[in-house]
Amino acid sequence: MLLHNLMQWMADTEWSVGLHESRYAYSIIESVHVWTLCLFVGFAIFLDLRLLGLTLKRVPISQITTRILPWTKVAFVLMVVSGVLLFFAIPLRTYHNVFFRLKAVLLVLAALNAWVFHNGGIYRRLAEWDTAATTPRAAKLAGAVSLALWIAIIFSGRMIAYNWFDCDKLEPAIVDLIAGCVR
Amino acid sequence: MLLPYFQAIENGPIGEAIRGSTWLFPFIEAFHLVGLAVIGGAVLLVDFRLLGIGLKRQPVAELARDAQPWIVGGLVFMFSSGVLLFLAESVKCYYSAAFWIKMTALLLAIVFTFTVRRRITTADDRSVSPFVMRLVGATSILLWATVGWGGRWIGFS
């Protein structure tokens, strides 16, 4: 309820209304979100595919993590900034959107997976398998989990636009609960 | 002139079926976006290298060879899902400037990728000047970015 009220307040701010009603700003931010999707998810996917041994087999993993990962991080920042602005334009509806909530959970899982991989034993021993075309099982697992999560995140992100489970409809109790509808 | 054809396409059985379903169109869209990420990554990996950033220690030709199947596969995947989306709303596309911009950019991007860019990325690194590499990388990014932008804007109308 507290967050609901906060979102309501946000939705009523001049900036949020301006963004929501703008002729071009919202569309341009959407476009930036799609462009950075190519850069961010595109590069993240190629690290995953390398970890799975499906491509770039002659490129050492350390080359990807030192020369591509910084770009992935820059793209991620752009992705978050554009994503936050998109949220800010339609805060209340998005906050109660089932797919937005799913996407948020999946993002946390993707972050956890990346953290575990980069801080785990397998990455500390990277020197041992850096140039190997066939990577250790733990690395493959990290790549596969990341790949599956990013695909699911793209799906849930795209679905936020659809109002199938919006709170202004009469929904089954379970949907109401997940969406946190205030009736 | 083309409008009757677009109308006939929209009224076809596949278009009808996709429009008749709540989930189908959004799901195909999402698949289309996953394909975009794959092709985006594959194109940018090589274009960054051409610009002199990213995987600088790898020869251009080696990276391009690795990326090639993902570009071709990504294109086939995007084309299949894109055609389905088009079948569902061809008349809307007909009246959309973004659609025509996208298709023009797509044609240019494909021709450029499989002629000029392919030639540069299969050549020996030392036989191509850094300036030409940068030019080709920048052109490729610009063309593909226009395709992506046009695609997103078909939805805003």
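Modeller: An angle under 35 degrees counts as roughly parallel, over 145 as roughly antiparallel, 65 to 115 as roughly perpendicular, and anything else as oblique. This is a predicted model, in which local features need pLDDT of at least 70 and side-chain atom pairs pLDDT 80 or more, while totals for chains, interfaces and linings use all residues. Residues are numbered from 1 along each chain as its sequence is written, chains are lettered from A and ligands numbered from 1 in the order written, and side-chain values use heavy atoms without hydrogens or water.

Biologist: Fine. How do α6 and α7 of chain B pack, then?

Modeller: Helix α6 of chain B covers residues 97-122 and helix α7 of chain B covers residues 130-154; their axes come within 8 Å and cross at roughly 155 degrees. The axes are lines fitted to C-alpha atoms over the stretch in contact, with angles from 0 to 180 degrees between N-to-C directions. α6(B) and α7(B) are therefore roughly antiparallel to each other.

Biologist: What sort of residues make that contact?

Modeller: The contact of α6(B) with α7(B) has 20 nonpolar, six polar and two charged residues. Nonpolar here is Ala, Val, Leu, Ile, Met, Phe, Trp, Tyr, Cys and Pro; charged is Asp, Glu, Lys and Arg; the others, Gly among them, are polar.

Biologist: And α3 against α4 in chain B, at what angle?

Modeller: About 155 degrees, with the axes 8 Å apart; α3(B) is residues 24-50 and α4(B) is residues 60-88. That makes α3(B) and α4(B) roughly antiparallel to each other. In their contact there are 23 nonpolar, five polar and two charged residues.

Biologist: What is the volume of the second largest pocket?

Modeller: About 480 Å³. Phe40(A), Ala110(A), Ala114(A), His118(A) and Trp150(A) are the closest to its centre among the 19 residues that line it. Two or more lining residues come from each of α3 (25-51), α5 (69-89), α7 (98-119) and α10 (137-159) of chain A.

Biologist: Which helix gives the most there?

Modeller: α7(A), with seven residues. The lining as a whole divides into 13 nonpolar, four polar and two charged residues.

Biologist: What counts as a pocket, and what as a cavity?

Modeller: On a 1 Å grid over the protein atoms alone, a cavity is a set of points where a 1.4 Å probe fits but cannot get out; a pocket is an open set with protein on both sides within 12 Å along at least five of seven lines, and lining residues have an atom within 4 Å of a point. Points join across faces, edges and corners, and the volume is the space filled by probe spheres set on them.

Biologist: How many cavities by that rule?

Modeller: One cavity of 30 Å³ or more. The largest cavity has a volume of about 30 Å³.

Biologist: Which residues line the largest cavity?

Modeller: Val46(B), Ala64(B), Gln68(B), Thr113(B), Arg117(B), Arg118(B) and Thr121(B). α4 and α6 of chain B each supply at least two of the lining residues, and α6(B) gives the most, with four. By class, the cavity lining has two nonpolar, three polar and two charged residues.
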